[in-house]
Amino acid sequence: MADVWAGLQMLDTWGFLLINRILQNPVFDVLMPILNTKPYYFLPGAATILTLAVRGGRRMRILLAVCAAAVALSDQGANLIKEAVQRTRPCHVIPEVHLLAGCTQSPAFPSNHASNMFVIATMAWLEFRRWRWVLPALAAAMAYSRLYVGVHWPSDVLAGALLG
């Protein structure tokens with residue numbers, strides 16, 4: 001069993017280094033931190049939610065309430081798993097990580113960002129047929145950005161996405 005875990009950690013390290021170091025580029029060095037900075041996604045998200053709540057009618061307000069509850073459950077579930085697993089972030093383990101975001105002391109597994117964004121993407125997938133691919137693409141970009149900025153392992157964001 002130890003060989004399996006060692007193999008998975010090696011695969012995780014390889015995936016992390018591929019995205020964080022090998023695929024570095026000046027465009028992503030600007031874009032990926034934006035996906036991780038709350039004012040850049042919180043303000044447009046809040047404006048969108050407010051617009052949907054005002055213009056969307058009763059059904060939309062119910063959907064938004066269910067979505068808010070789903071995000072809260074996803075976030076708290078991820079936090080419970082983090083506390084149980086206590087996985088160290090790659091920015092604390094890998095020397096000379098390409099770090100473009102703050103490396104917190106909180107555990108890494110699973111990624112709350114990925115979990116929360118994929119819960120929202122799932123709700124959007126079910127309700128908004130015309131815009132069905134927008135939020136899943138944004139959720140995938142957010143998950144990718146967590147690796148690119150150096151704060152999560154690939155399995156962290158995969159587990160977060162599955163939880164979401």
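The lining of the largest pocket comprises 25 nonpolar, five polar and two charged residues; here Ala, Val, Leu, Ile, Met, Phe, Trp, Tyr, Cys and Pro count as nonpolar, Asp, Glu, Lys and Arg as charged, and the others, Gly among them, as polar. The structure is a predicted model, in which local features need pLDDT of at least 70 and side-chain atom pairs count only at pLDDT 80 or more, while totals for chains, interfaces and linings use all residues. Residues are numbered from 1 along each chain as its sequence is written, and side-chain values use heavy atoms, with hydrogens and water left out.

**Largest pocket**

- The largest pocket holds about 1200 Å³ of space; a pocket is an open set of points on a 1 Å grid over the protein atoms alone where a 1.4 Å probe fits, with protein on both sides within 12 Å along at least five of seven lines, and lining residues have an atom within 4 Å of a point.
- The volume is the space filled by probe spheres set on the points, which are joined across faces, edges and corners.
- Of the 32 lining residues, Y41, G45, I49, M117 and I120 are the closest to the centre of the largest pocket.
- Helices α2 (26-35), α3 (38-55), α4 (57-85), α6 and α7 (134-148) each supply at least two residues of this lining; helices are DSSP runs (H or I, at least four residues), numbered from the N terminus.
- The most is given by α3, with ten residues of the lining of the largest pocket.

**Nonpolar cores**

- Among the 16 residues of the largest nonpolar core, F16, M32, L147, W153 and V157 touch the most other members; such a core is a set of buried Ala, Val, Leu, Ile, Met, Phe, Trp, Tyr and Cys residues joined through side-chain atoms within 4.5 Å.
- Two or more residues of this core come from each of α1 (2-22), α2 and α7, and α7 provides the largest share, three residues.
- Leaving aside residues up to four places away in sequence, L147 touches F16, I19, N20, H152, W153, P154 and V157, where contact means heavy atoms within 4.5 Å.
- A second, separate core of five residues includes M60, L63, C67 and M123.
- C67 is buried, at 14% relative accessibility; buried means under 20% relative accessible area, exposed over 50%, and partly exposed in between (1.4 Å probe, protein chains only).

**Disulfide**

- One disulfide, a pair of cysteine sulfur atoms within 2.5 Å, is found in a search of the whole structure.
- This disulfide joins C91 to C103, with an S to S distance of 1.8 Å.
- The torsion about the S-S bond of C91 and C103 is about 80 degrees, so the disulfide is right-handed.
- Because C91 lies in helix α5 (residues 90-93) and C103 in the loop between α5 and α6 (112-127), the pair ties together parts that are twelve residues apart in sequence.
- C91 is buried at 14% relative accessibility, whereas C103 is partly exposed at 21%.

**Backbone features**

- The peptide bond from F109 to P110 is cis, with omega near -5 degrees, and P110 is placed in the loop between α5 and α6.
- Although not a glycine, Q86 has a positive phi of about 55 degrees; Q86 is found in the loop between α4 and α5 and is partly exposed, with a relative accessible area of 46%.
- E96, also not a glycine, has a positive phi of about 55 degrees; E96 lies in the loop between α5 and α6 and is exposed at 73% relative accessibility.
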